[in-house]
Structures are given as structure tokens and as C-alpha cells.
Amino acid sequence: MSAAPPAPVQSGRILPAQAGLRADVVVVGTGAGGAMAARELARRGLDVIALEEGGYRTPRDFNQREDEMLALLFAERGARATADLAIHVLQGRGVGGSTVHNTNLCKRMPDAILEQWALEGGSPRELAPLYQATERDLDVAPMDWQALNPNNDRFRVGVSKLGYRGGFLAHNRRNCVGSGFCELGCSFNAKQNALKLLVPQAAAAGARIFSDVRAERITTAAGRASGVEATVLSPDGRPAGRLQVTARAVVLGASATGSAALVLRSGLPDPHQRAGRNLHLHPGVALAGVFDDEITGWKGIPQSYECTEFLDFSPGSGRRVWILPAFAHPIGLASALPGFGADHMRSMRLYRRIAVVAAMVHDETAGRVSLDDAGRMRLEYRLGEPDAAQLAVGLREGARILLAAGARRVLVPYLRPLEITSEAKLDQIDERGAHPHDIPMTAVHPMSTLPMGHDPAASVVDARGQHHQVRGLWVCDGSLFPTSIGVPPQISIYTFARRSAGFVADSLGTG
């Protein structure tokens, strides 16, 4: 009987309590950006070490229990939020990052956004081959009629009846059984993501990948990045050892929050005080429609259809809301439905007949990642009125779509809940609006905190992803994006990481 192949990831706890390692490149983070960068660099013959703060989990660990999976797979056990607690921010923590829990949506960055950025080598035409290669790697394919569960199909019906612009989304999944538990990690290993594909491929190319290691500081020498100081974490998250990685280049793929916090904690030169600023989140709101027949929205492939009627990337269009189906597992829905005691029980008994719609804003609000006195990360973000107005449009039109699809009533989870039973009552949403603390808001797409650009006074890294002031320090995650992009960033993060990895390899003399 042959021995099982070695795991592609080792825990940092196997290292001595005070360890030192050397490599050509150290990559911080193993999500879409970090895993892609590690693979590409290792395949070019570079000695790569990748560090991941969270643990290494496989489909055997994904038991589809909300209470356990939120704590296991999400940053801050699923409780991360903006400093004012107005927006719940869901981010992955572990090998594979947010690709482990996302719903597999893959949308390229709109051409209008890329043209707005006007980056050298970053036009839609120049990026198209990189997107194609990424989509091929990850088995990205459009959904079709067979992928529509009842929740998504009712949404499609409503969009069609209203004559709104809509269509099928593309996903990166293979041999999906439609269990509906994508957001808790795929027990059936159908996600074609960083955890399943890129991390093992990076390891096969020679990368050394360590979980349970938190990067604390980027080290520099003579104006260049020289490595990373890190802490090895025990199973309960306490310090269990120290690790010093010395490298010729440092690549940050720890997300727009984690990478920015690491840059700030490292005290790197920042003459224009740009690091951590410009935070965009794509805040979203949700509402529920109650139907006469069963929806069982927790089953099947989630989010396979979209409405883009109110999303236009033309400058000054005034349409910045993306609307799509959503659904919550029992605990998530219970926390959002209105009422207490017997009233709440009655709402939960409608669970099988509920369809959910979400609206996400292509936000202009610019927040900030900062550090508190203890060096802990803070997300400072106060939703601006223009963005709140766009979310109100999303609520109103999401309710209209549900009614058009046959919902008997629509539940809007304001602090004082609102029930809509006809189109004639939609103006009540216009009157209430969508304001922080009056309706639950969630964000899953932080970006733009270490933006790229030609002008060091307005950006942190150059158009290739290298830090303006620190040579050899590169960024390969959503931090790079100068603005909100208005669509799920997953496929763009993979693609820009592929692009940046080529520049890193070239800078180190590897073709």
C-alpha cells in the first residue's frame, strides 16, 4: 500500500520556537492573490515561502454547521465589523482565504473601470489574455437553466417580468452537487479555488507553505524589503514561537485589510499618508419575499442570476447598484428576520417559503484601515449619503422584483420592520431610505487600501504593484484597486496577482 502524498501545507508549529528561513520571495497570505502569486513565482523557479495566519482546512473539516464554520473559516470568528458596528465585514481566515467560503461568482472587471484607471499595461485588451488564462485555470463557466434553484428562478422571473436587464452569472465549480452550503466551505470539494488548485500547485512547484503564522512586520534594508518577522500561533491563537523569513522580495496577499494593516504596523515610508486610506467595501442590504409555495432557498447553487438594470459604469450614470438573489442558512436568517418571541417564531416558520434578494453598492465612500493603540486593525468607514441613496434604490427595486415574481409580501428588516404587500407601497422604502444602524448591512469585498497608480502622492504602489518607496515590496490582492470595481473581485484579484507575479519574477532576474 503506497503512502499518502505529503500535505501541501505545514503548520508553522513544526518549526523551532525561534526559527529563521531564507527564500527568494516571501508571500503573505494564501487567498486568491497570495496563492496565485506563490504558484506563479514557484513555477518560474524561484524559492518561495508563503505564510498564512489561519489554519489549513480541507473539505473533511467543512461540516455545514454555521456555528462552527463561521468561527473556523472567517476572520474574527465571523464577527468583524466597521468601527461603528454599522457594517458586518465577512472575510476568510485560513489557507485559501475568502475563496473557501465565497459563492464562486466570477465577473471580470468592467472595461470602463480599467479605462478610468488608465494604467500602463492594464487596458482591457492587454488584460484579456490574463483573464482568459485565469478562467481556464479555475474552470470558470457560465451558469445555465439547470443551475437555477427556486430562489434564483423566482428572481429571474421578477427581473424578466419587469423588463429589467439581467442574465446568468459565471462560476468556478466542477461536479457541484447543489448542496447550497458554499458559504460554509464545500464539503464536496467542488470549488475550483485557491485551496483546491493553486495551493497544491504552488507546493508541487517547490513553494514552502506554512499555516498558523501571522506576519507582524515587513523588514527593510537600504530602502528595500528584506523579509518578514512573524509569530507562530498556537491552536487557541496565542503566540507559540517566532519566525524570521529573509527574502529578496516580499509579496502581500493578505487582503485589503490585512495587507494595509501590515504595512502600517511596519512603519514603512509613507510621505503622503496614503497607506490604509481609500477603503471601499461594496456594502450590501437584503430583503425577503414570502411566497405561497415552497422555495427551499438554502438548496442548490446560490447566486446564479443577476440584475444589472441599475448598474452602469459610465461616468456620471448615477446607477451604482447590483441586485442578485441571496440566501441565509437558518442562524443567519434568524438574526435578520424581524420580531421577538412568538412573532419571530412565526417568521421563522415561513423559512421554506422565503426568497431573498440582496443589493450591493459600487461605493464612492472612502474609508480607512488604521491601527488602535495596541496595534490592532480598525476599519473606519461611514457610509456617505450618495451611497445610502443607491442602497435605497436597491431595496426598492429588489422588493419590486420579488413582488413581480409572485411574493405575497416583502419583509424589509429595518430596526422598525417594514412589510410591503404591493407596488403602491414601495414609496415607503424611499421614505425610510437605507441608513447605517437602521438596517443590517454586510460587506464581503474590501479593496483599495494600497492602490496602484503613477503618482506617489495619490497611490501606494506603482502600476506594476511595487511599493513607491520600498523596492522589492509588492502587492497582489484587492488592495491594489484604485477605486471600487462594482463586481465581485475574486477573478480580478487572481488575474492581477498573476500579472504582478510576472513583474516580481522579472525584477529578480527570472523569466
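## The β17–β18 sheet

Strand β17 (residues 367–371) pairs with β18 in the antiparallel sense over four bridges. Within this pairing, Ser370 has Arg378 of β18 as its bridge partner. The structure described here is a predicted model.

These two strands belong to an open sheet of three strands in the order β12-β17-β18, and the pairing is antiparallel. The edges are formed by β12 (277–279) and β18 (377–380), each with a single partner strand, so one side of each has no neighbour in the sheet. On average, and with direction ignored, neighbouring strands of this sheet are turned by 40 degrees against each other. Helix α7 (residues 255–265) packs on the sheet, where it touches β17 and β18. The direction of α7 makes about 50 degrees with that of β17.

## The β9–β10 hairpin

A further antiparallel pairing joins strand β9 (residues 213–221) to strand β10 (residues 224–233), over eight bridges. Ala221 stands opposite Arg224 in β10. Two residues lie between the strands of this hairpin, and Ala222 takes a positive phi near 55 degrees.

## Packing of α1 and α6

Two packed helices are described by the angle between their axes and the distance between the axes. For helix α1 (residues 32–43) and helix α6 (residues 194–204), the angle is about 30 degrees and the axes are 8 Å apart. An angle under 35 degrees counts as roughly parallel, and α1 and α6 are therefore roughly parallel to each other. Their crossing is left-handed.

On the α1 side, the contact is made by Ala32, Ala35, Met36, Ala38, Arg39, Ala42 and Arg43. On the α6 side, Ala194, Leu198, Val199, Gln201 and Ala202 take part. By residue class, the contact of α1 with α6 comprises nine nonpolar, one polar and two charged residues.

## Packing of α4 and α12

Helix α4 (residues 124–137) and helix α12 (residues 490–507) cross at roughly 115 degrees, and their axes come within 9 Å. The crossing of α4 with α12 is right-handed.

From α4, the residues Leu127, Leu130, Tyr131, Ala133, Thr134, Glu135 and Asp137 take part in the contact. They meet Ile491, Ser492, Tyr494, Thr495, Phe496, Arg498 and Arg499 in α12. The residues of this contact divide into seven nonpolar, three polar and four charged.

Methods:
Residues numbered from 1 in each chain as written. Predicted model: local features only at pLDDT ≥ 70, side-chain atom pairs only at ≥ 80, totals over all residues. Heavy atoms only, no water. Axes fitted to C-alpha atoms, helices over the stretch in contact; angles between N-to-C directions. Parallel < 35°, antiparallel > 145°, perpendicular 65-115°, else oblique. Left-handed = near helix turned anticlockwise from the far one by under 90°. Contact = heavy atoms within 4.5 Å. Nonpolar A, V, L, I, M, F, W, Y, C, P; charged D, E, K, R; others polar. Pairing = 2+ DSSP bridges.
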